[in-house]
Amino acid sequence: MLQVSQKAGYFRGPKPAKHCAALAEKKKYEQLEKAMNMLETKKQDIIAKLNGGSGSPQDFIAWGARLSALNQELEEKGLRGLELAELG
């Protein structure tokens, strides 16, 4: 439905739904990018600990497990980022 703005003297239509969806996808992509940066920082911290050589065997097991989980999460978020990029 078109509306006439009496102040400006022009027609205004409803905002296209496609535009709103694109903005939502862009926001999701930006949030995803921030989360991936945070995960990458954590990953680098763990790698530094592993390369440092100081820690108990239990520490190395825990760090290795955490590193594996971070890699998995980064991969999943990376795939989601590709999906969002294709939609946008």
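Modeller: Helices (H or I, at least four residues) and strands (E, at least two) are DSSP runs, numbered from the N terminus. Leu74 is found in helix H2. This is a predicted model, where local features need pLDDT of at least 70, side-chain atom pairs count only at pLDDT 80 or more, and totals for chains, interfaces and linings use all residues. Residues are numbered from 1 along each chain as its sequence is written, and side-chain values use heavy atoms, with hydrogens and water left out.

Biologist: Why does Leu74 count as buried?

Modeller: Buried means under 20% relative accessible area, exposed over 50%, partly exposed in between (1.4 Å probe, protein chains only). Leu74 has 10% relative accessibility, so it is buried.

Biologist: What does Leu74 touch, not counting residues up to four places away in sequence?

Modeller: Contact means heavy atoms within 4.5 Å. Leu74 touches Met36, Leu39, Glu40 and Lys43 on that count.

Biologist: Why is the pair of Phe60 and Trp63 called edge-to-face?

Modeller: A search of the whole structure finds one aromatic pair. The ring centres of Phe60 and Trp63 are 5.3 Å apart and the planes are at 70 degrees, so the pair is edge-to-face. Rings of Phe, Tyr and Trp (its six-membered ring) pair if their centres lie within 6.5 Å; planes under 30 degrees apart count as stacked, over 60 as edge-to-face and the rest as tilted.

Biologist: Are Phe60 and Trp63 buried or partly exposed?

Modeller: Phe60 has 27% relative accessibility, so it counts as partly exposed. Trp63 has 16%, so it counts as buried.
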